[in-house]
Amino acid sequence: MAKQEKIDAVAEIKERIEASQIVVMTKYIGMNAAQATQLRARLRAANVKFKVYKNTLAKRALDELNLSDAAQFLDGPIGWAFSEDPVMPAKVLAEFGKEVPVVQMSGGILDSSIISFAQLKALADLPARDTLLAQVVGTIAAPLRNFVGVLNAVPRNLVNVLDQIRQQKETQGESAA
């Protein structure tokens, strides 16, 4: 690679890392061309960019970003997944790794913090964003539903008490007659 190409590649890596909320480094030794095409298509559908860089250039970019500790994940050929969604790359790669065991996440960078495989696995196991939002809304709405139920119970109970008083007076009126 010519010197300018290397400089451009390092600049591209740095730019993508800085522009992404999460970067996932993935081992893929033994994957065939059809599987690689399928993986790229799934990642593209999830709005995740995927690219392979030379490890020496990637290490240089990591050093320049003060993320040198992430170089521990650069063992053998590594594919880089870049995304604004902090969960989607881990989900897609974990799911694809079940089908094609040679694809394995090794580590990553989440908001300028280095994360391990275990942390990536935890991200992959999270429910989808819409599901999480629905759970939060449900949690917030539950006390409100209970409050509305209590408020509705007050007039209903008052009506029941008044009806019982009416029945009691009717019974007393019949007994007096």
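Author: Contact here means that heavy atoms lie within 4.5 Å. Please keep in mind throughout that the model is predicted.

Reader: With which residues is Leu-93 in contact, leaving aside its neighbours within four places in sequence?

Author: With those neighbours left aside, Leu-93 touches Val-24, Thr-26, Leu-39 and Leu-43, and also Ala-81, Val-103 and Met-105.

Reader: How does one go from such contacts to the idea of a core?

Author: In soluble globular proteins, nonpolar side chains tend to be buried together. A residue is called buried when its relative accessible area is under 20%. In this model the largest nonpolar core has 22 residues, and the members that touch the most others are Leu-39, Leu-93 and Leu-120.

Reader: Which elements give two or more residues to this core?

Author: They are strand E1, helix H2, helix H4 and helix H5. Helix H4 supplies the largest share, namely five residues. There is also a second, separate core of 21 residues, with Ile-13, Ile-17, Leu-62 and Ile-109 among them.

Reader: How should I read the two sides of a helix, taking H5 as the case?

Author: Helix H5 spans residues 117–125, and its buried residues are Leu-120, Leu-123 and Ala-124. Viewed down the helix axis, these buried residues of H5 fall within an arc of 100°, and therefore they line one face of the helix. Ala-118 and Asp-125 are exposed on the other side of H5.

Reader: What covers the buried residues of H5?

Author: The cover includes strand E1 (22–27), helix H4 (88–99), strand E4 (104–110) and strand E5 (113–116).

Reader: May we turn to charged side chains? How many salt bridges does the structure hold?

Author: A salt bridge pairs a side-chain nitrogen of Lys or Arg with a carboxyl oxygen of Asp or Glu, within 4 Å. The structure holds seven salt bridges. In one of them, Glu-12 pairs with Lys-51, and their closest N and O atoms are 3.0 Å apart. Because Glu-12 lies in helix H1 (residues 3–19) and Lys-51 in strand E2 (residues 49–52), this pair ties together parts that are 39 residues apart in sequence. Glu-12 and Lys-51 also belong to a network of salt bridges that includes Arg-16.

Reader: Are Glu-12 and Lys-51 buried, exposed or partly exposed?

Author: Glu-12 counts as partly exposed, at 24% relative accessibility. Lys-51 is likewise partly exposed, with a relative accessible area of 29%.

Reader: Which parts of the chain does the salt bridge between Glu-99 and Arg-42 link?

Author: The side chains of Glu-99 and Arg-42 meet at 2.7 Å, N to O. This pair links helix H4, which holds Glu-99, to helix H2, which holds Arg-42, across 57 residues. A salt bridge may also lie within one helix. Asp-125 and Lys-121 meet in such a bridge at 3.4 Å, N to O; both are in helix H5, four residues apart, which is about one turn of the helix. Asp-125 is exposed at 54% relative accessibility, while Lys-121 is partly exposed at 30%.

Reader: What is to be noted about the backbone in the loops?

Author: Asn-47, which is not a glycine, has a positive phi of about 65°, and it lies in the loop between H2 and E2. Asn-47 is exposed, with a relative accessible area of 66%. Asn-66 also has a positive phi, near 60°, and is found in the loop between helix H3 (55–64) and strand E3 (78–83). Its relative accessible area is 69%, and Asn-66 is thus counted as exposed.

Reader: How far apart in space are Gln-21 and Asp-111?

Author: Separation in sequence and separation in space should be read side by side. Gln-21 and Asp-111 are 90 residues apart in sequence, and their C-alpha atoms are 5.2 Å apart. Gln-21 sits in the loop between H1 and E1, and its contacts beyond four places in sequence include Ser-83, Pro-86 and Asp-111.

Reader: Which residues form a nonpolar patch on the surface?

Author: Leu-158, Val-161, Leu-162 and Ile-165 form it, with about 350 Å² of accessible area together. Of these, Leu-162 is found in helix H6 (residues 129–176).

Conventions: Residues numbered from 1 in each chain as written. Predicted model: local features only at pLDDT ≥ 70, side-chain atom pairs only at ≥ 80, totals over all residues. Heavy atoms only, no water. Patch = residues over 30% accessible without salt bridge, like charges linked within 9 Å, V, L, I, M, F, W, Y side chains within 5 Å. Areas by Shrake-Rupley, 256 points an atom, 1.4 Å probe, with all protein chains shown as cover. Buried < 20%, exposed > 50% of the residue type's maximum accessible area, 1.4 Å probe, protein only. Arc of directions from axis to C-beta. Core = buried A, V, L, I, M, F, W, Y, C linked by side-chain atoms within 4.5 Å.
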